[in-house]
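Dear colleague,

Please find below the sequence and structure for your records. My notes on the helix packing follow.

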Amino acid sequence: MKPLFDLALQGGFLFDCLGVMGLGLIGMAGARLARRERSWGGMLMATGAVLLLIGRLWILLAAAFLTPAVRHDMSPDLLGFLKALPTILMTTGLGGVVWGLWGYEKQQRERAAEIAVR
């Protein structure tokens, strides 16, 4: 069990890669639903996945761009916003994915009801 625990703690890059691949698949599935079935839920799902990806990339790359010299030159309000930005992006993105799935499911139920009426 110890090697698996070590992989979970030290193998962060592997899990980041798998997470990014999963978000990419969600985004592609949402775009496909939006294009093929004209689903607003699919478009919202794809947009949410992109926001999640941007938030995750911001977390990974912020240390490289926000050096102590750059932080010193920024105002405290801007620094506070930049610290909150990943949380805002990821929360909005997750909401978009969930709302998109709900919207697609609702659209499918409405289509099934229309077919049943005919």
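In this structure α3 and α5 are roughly antiparallel to each other (an angle over 145 degrees). The model is predicted, with local features requiring pLDDT of at least 70 and side-chain atom pairs pLDDT 80 or more, while totals for chains, interfaces and linings use all residues. Residues are numbered from 1 along each chain as its sequence is written, and side-chain values use heavy atoms, without hydrogens and water.

Helix α3 spans residues 40-65 and helix α5 residues 76-117; their angle is about 160° and their axes lie 7 Å apart. Helices are DSSP runs (H or I, at least four residues), numbered from the N terminus. Axes are lines fitted to C-alpha atoms over the stretch in contact, with angles from 0 to 180 degrees between N-to-C directions. The α3 and α5 crossing is left-handed (the near helix turned anticlockwise from the far one by less than a right angle).

Helix α2 (residues 12-37) packs against α3 at about 155°, with the axes 7 Å apart. α2 is therefore roughly antiparallel to α3, and the crossing of α2 and α3 is left-handed.

The largest nonpolar core has 6 residues: Leu-23, Leu-33, Met-45, Ala-49, Leu-52 and Val-97. Such a core joins buried Ala, Val, Leu, Ile, Met, Phe, Trp, Tyr and Cys residues through side-chain atoms within 4.5 Å, buried being under 20% relative accessible area (1.4 Å probe, protein chains only). Its largest share, 3 residues, comes from α3.

Kind regards

Key: Helix = DSSP H or I, 4+ residues; strand = E, 2+ residues; numbered from the N terminus. Parallel < 35°, antiparallel > 145°, perpendicular 65-115°, else oblique. Buried < 20%, exposed > 50% of the residue type's maximum accessible area, 1.4 Å probe, protein only.
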